[in-house]
Amino acid sequence: MKRIGILTAGGDTPALNATLYGAVVRANQRRVEVFGLVKGFSSLFNPRVPHVHLNPLFTTIPELETTQGGTMIGASRDYVDGQDKAAIAEIADRLERLKIEGLICVGGDGTLNGMQALSHHLPTVLAPKTIDNDLGLNYRHEPDEWVCEPNSESSPPRYVRGPARGRFDLEHMVNYVTPGFATAAFVSAWGVQRIRTTAESHRRIAIIEVMGRHSGYLAMGAAYGQPDIILVPESPIDVDRLVERVIEVYELQKNVVIVCAEGVVDGRGRELGSESASTDPAGNIVLSGAAESLRQLLVQRVGDTYFTSKRRNESARAAIFTRKVGHTQRGGRPILFDRFYGAQLGGQAVDLLLEGHTNAVSILQWDRASGFHVEVVQANDFRDRWGIIHARQMHPSFYDAEELRLSRAGVEYLLPIFANAIGQEDLEVVRQTLFHPGNLTQPYHSVNVDVNKRICFLD
Ligand code: F6P
């Protein structure tokens, strides 16, 4: 292979540039040209295929910087529909005319779906990323546990999890953790610590919503900020137990910090945050408002009298507040863990293409003896027998539904990731750059300005 393409699809994550960098450095060593396709799959839908040559003369362009969050080649939630044969044929033709002989897609489960549609036309490899940590399997045979329940004629079938059949062991997880997750957990945990101060000082109850869609991994990671209660989508909310626990904690310390995953569900499995639901261009449900719904619920159930008996003239509404960590958990400089392993996965994706793999996934494995290392699996390993890729959910053993917090197994899962996740330079850089006087006087210089000058098009 003389030339490969690379694209970053789905929501941005802090490790994308690191993954691109790892791929380009490896390609330089192996004398392969890398074209970065601009804005994910959307580049391929454009007849002119906007792209950037990332390693002219096998030298990495300076705009590609591992410590920059986001992706310098842009991302979008455009995806390739496997059923749209005409679009796929057009894309294959464009890639051929660009002389691209293999394609690396950096992304999550949606990206893997889009990539698979192209894998009949050229070798493809996925390098994973997602702050949700939901691209992976808790164990090798997890997809076989999904069951398809037919619905009425007008609505599509429903996929539900059947009972777990195997014994769970951390060493059996497929893609233990995805780049982006560690930085997002770092930001969320920090946010939780900071909000605690207000809850403590004003005797309030804080509900902090973190992202993660239908997976509770990110909420788990926020446990490092020491919230009193964690609510995850995998465990439907038991309102009585929640209210009981909130009061227990409030009685003791006069403040409560609750971390709530955006995808939490009620006892009937309905998403609390989907009341104002819509779908994004990739068909994902956009979740908003889980924390707010939870707040309404606590306001009603705990009630004004409880608070007025303790806090002069203060209603439940005044005492319970919500904050979303929001996109700050997805943005900014990646911490060491994500930079390092993002780059490794990108590098290995290049090797996999050159070794002739197709429709493969570069994954990060962990075992007790050797720690983290990269391996490869087939994309199909993530599919159930109907061909559907399901977002990985947090393994139930990671959560203690009675105490509403991490279980011992959950703690054990997090330890290897976060033991050395932050590099000294990650903190030093804040000291050196945040209050740099130039920040006040110079306009922000966006990498997009430089990258735009490098964009080429198919003739
Ligand atoms: O999948 C990553 C993610 O950050 C989710 O956790 C979140 O629900 C979603 O993307 C938000 O998407 P957007 O940035 O497009 O609003």
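User: At what distance from an oxygen atom of the ligand does a backbone N or O atom of Gly212 lie?

Analyst: The distance is 3.0 Å, which falls under polar contacts (N or O pairs within 3.5 Å). The model is predicted: local features need pLDDT of at least 70 and side-chain atom pairs pLDDT 80 or more, while totals for chains, interfaces and linings use all residues. Residues are numbered from 1 along each chain, and side-chain values use heavy atoms, without hydrogens and water.

User: Which other residues have a polar side-chain atom facing a ligand oxygen?

Analyst: Glu262 places a polar side-chain atom 2.5 Å from a ligand oxygen, and for an N or O atom in the side chain of Asp132 the distance is 2.7 Å. On its own the ligand has 400 Å² of accessible area, of which the protein covers 77% (Shrake-Rupley method, 1.4 Å probe).

User: What describes two packed helices?

Analyst: The angle between their axes and the distance between the axes describe them. Helices are DSSP runs (H or I, at least four residues), and axes are fitted to C-alpha atoms, with angles from 0 to 180 degrees. Helix α7 (residues 239-253) packs against α8 (residues 290-302) at about 75°, with axes 11 Å apart. Therefore α7 is roughly perpendicular (65 to 115 degrees) to α8. Their contact (heavy atoms within 4.5 Å) includes Val239 and Leu242 of α7 and Leu294 and Arg301 of α8. By class, it has nine nonpolar, no polar and two charged residues.

User: At what angle do α5 and α12 cross?

Analyst: Helix α5 (residues 181-202) and helix α12 (residues 408-418) cross at roughly 105°, their axes coming within 11 Å. They are therefore roughly perpendicular to each other. Phe181, Ala182 and Ala185 of α5 meet Leu414, Ile417 and Phe418 of α12, a contact of six nonpolar, no polar and no charged residues.

Note on methods
A polar contact is a pair of N or O atoms within 3.5 Å; within protein, one must be able to donate a hydrogen and the other to accept it, and residues adjacent in sequence count only if both atoms are side-chain atoms. Helices (H or I, at least four residues) and strands (E, at least two) are DSSP runs, numbered from the N terminus. Angles under 35 degrees count as roughly parallel, over 145 as roughly antiparallel, 65 to 115 as roughly perpendicular and the rest as oblique. Ala, Val, Leu, Ile, Met, Phe, Trp, Tyr, Cys and Pro count as nonpolar, Asp, Glu, Lys and Arg as charged, and the others, Gly among them, as polar.
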